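Please open the structure in your viewer and keep the selection tool at hand.

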Amino acid sequence: MCVPRAGMIARCIRLQNSGQEPLLAGLAQNRYYSPMRCIVDGLVVEYEEHGNGNVVLMLHGWGDNLHTFDRLAGTLFGRVVRLDLPGFGGSESPPADWALDDYAGFVKDFLARLNIRPDILIGHSFGGRIILKGMSTGV
């Protein structure tokens with residue numbers, strides 16, 4: 001059971017496990033987590049990470065947020081990093097409209113800020129476009 005502690009957000013998703021008792025999923029069974037924030041390119045960015053080992057970067061789609069991957073993130077091994085892209089979820093909006101190149105550059109700067117190099121990239125919809133753009137342009 002998840003019980004929130006002061007200043008922390010407990011996110012628990014119940015999944016059925018082949019008719020067995022429901023499991024807690026999300027970031028890890030029976031663990032608490034809270035969003036983290038950092039400043040990248042002058043914008044406050046909300047992100048979450050858990051685990052150790054190979055880095056898995058997850059980028060959500062347009063109009064969504066990092067919680068798109070709540071169920072999947074809890075099943076992955078390694079250091080799982082998810083962020084709210086600028087203008088979505090808990091992250092600040094950019095001062096002007098951004099193009100795909102701007103988002104790809106931002107993700108590059110976010111990764112540099114956290115000093116990580118992802119081994120696995122997972123993107124949903126627009127997040128996938130950002131990954132493809134970044135990979136094709138060397139970002």
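A salt bridge here is a side-chain nitrogen of Lys or Arg within 4 Å of a carboxyl oxygen of Asp or Glu. The model is a predicted one, in which local features need pLDDT of at least 70 and side-chain atom pairs count only at pLDDT 80 or more, while totals for chains, interfaces and linings use all residues. Residues are numbered from 1 along each chain as its sequence is written, and side-chain values use heavy atoms, with hydrogens and water left out.

A search of the whole structure turns up five salt bridges. Begin by selecting Glu46 and Arg37, which form one of them, with their closest N and O atoms 2.6 Å apart. Glu46 is buried, at a relative accessible area of 9%, whereas Arg37 is exposed, at 55% (buried means under 20% relative accessible area, exposed over 50%, and partly exposed in between, with a 1.4 Å probe and protein chains only).

Next, select Arg82 together with Glu48, a salt bridge whose closest N and O atoms are 2.8 Å apart. This pair links distant parts of the chain, since Arg82 sits in strand β6 (residues 79–83) and Glu48 in strand β4 (residues 43–50), 34 residues apart. Helices (H or I, at least four residues) and strands (E, at least two) are DSSP runs, numbered from the N terminus. Arg82 is buried at 1% relative accessibility, and Glu48 is buried at 2%.

Finally, show Glu48, Asp70 and Arg82 at once, as they are linked in a network of salt bridges.
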